[in-house]
Amino acid sequence: MSTASIANNAYQMAAKLQQQARALEDTAPRPEAVDFGKMVQEAVGDVVEAGRVADDKAVGLVEGKADVVDVVTAIAETEVALETMVAVRDRVISAYEEIMRMPI
């Protein structure tokens with residue numbers, strides 16, 4: 001076999017491997033991009049919804065339609081969600097302030 005035919009075979013094999021790799025990349029699931037703003041918006045929406053549920057249960061308690069345990073549980077869940085949201089907000093603000101202190 002001549003050197004030219006060996007080189008040609010090697011080139012054709014490399015081209016086939018590259019096409020196969022591209023085909024695998026096209027069929028592979030792509031990771032979904034994370035949108036921080038959307039994530040925060042959903043978290044705030046969850047906290048607001050938890051507050052609405054607690055309010056509805058409190059009104060139901062006044063009307064005599066809800067149990068005291070359910071109301072206390074709903075209020076506790078809302079309190080935990082709100083405290084978590086405040087803690088995340090404080091960390092984001094702290095990170096922003098630290099970035100702003102960095103020398104350029």
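In the predicted model, Val59 forms part of helix H2, which covers residues 36–63. The side of the chain on which Val59 sits is neither fully covered nor fully open at this position, because Val59 has a relative accessible area of 46% and is therefore partly exposed. Val71 stands 12 residues from Val59 in sequence, and the C-alpha atoms of the two residues are 9.2 Å apart in space.

Val71 belongs to helix H3, where it is buried together with Ala74 and Thr78. The cover over the buried residues of H3 includes H2, the helix in which Val59 lies. In an α-helix there are 3.6 residues a turn, so residues three or four places apart point the same way. Helix H3 itself comprises 34 residues and extends 49 Å from its first C-alpha to its last, a span close to the 50 Å expected at 1.5 Å a residue.

Taken as a whole, the protein contains three helices and zero strands, and its elements follow the order α-α-α from the N terminus on. Of its 104 residues, 7% count as buried, while the accessible surface amounts to about 9,100 Å², with 61% of that area belonging to carbon and sulfur atoms.

Confidence in the prediction averages a pLDDT of 84 over the protein, and 84% of the residues score at least 70. Among the elements, the lowest mean pLDDT, 70, is found for helix H1 (residues 3–27), whereas the highest, 92, is found for helix H3 (residues 68–101).

Methods
Residues are numbered from 1 along each chain as its sequence is written. This is a predicted model: local features need pLDDT of at least 70, side-chain atom pairs count only at pLDDT 80 or more; totals for chains, interfaces and linings use all residues. Side-chain values use heavy atoms; hydrogens and water are left out. Helices (H or I, at least four residues) and strands (E, at least two) are DSSP runs, numbered from the N terminus. Buried means under 20% relative accessible area, exposed over 50%, partly exposed in between (1.4 Å probe, protein chains only). Accessible areas come from the Shrake-Rupley method with a 1.4 Å probe; for residues, only the protein chains shown count as cover. pLDDT is the predictor's confidence in each residue, from 0 to 100. The expected span of a helix is 1.5 Å times one less than its number of residues. Contact means heavy atoms within 4.5 Å.
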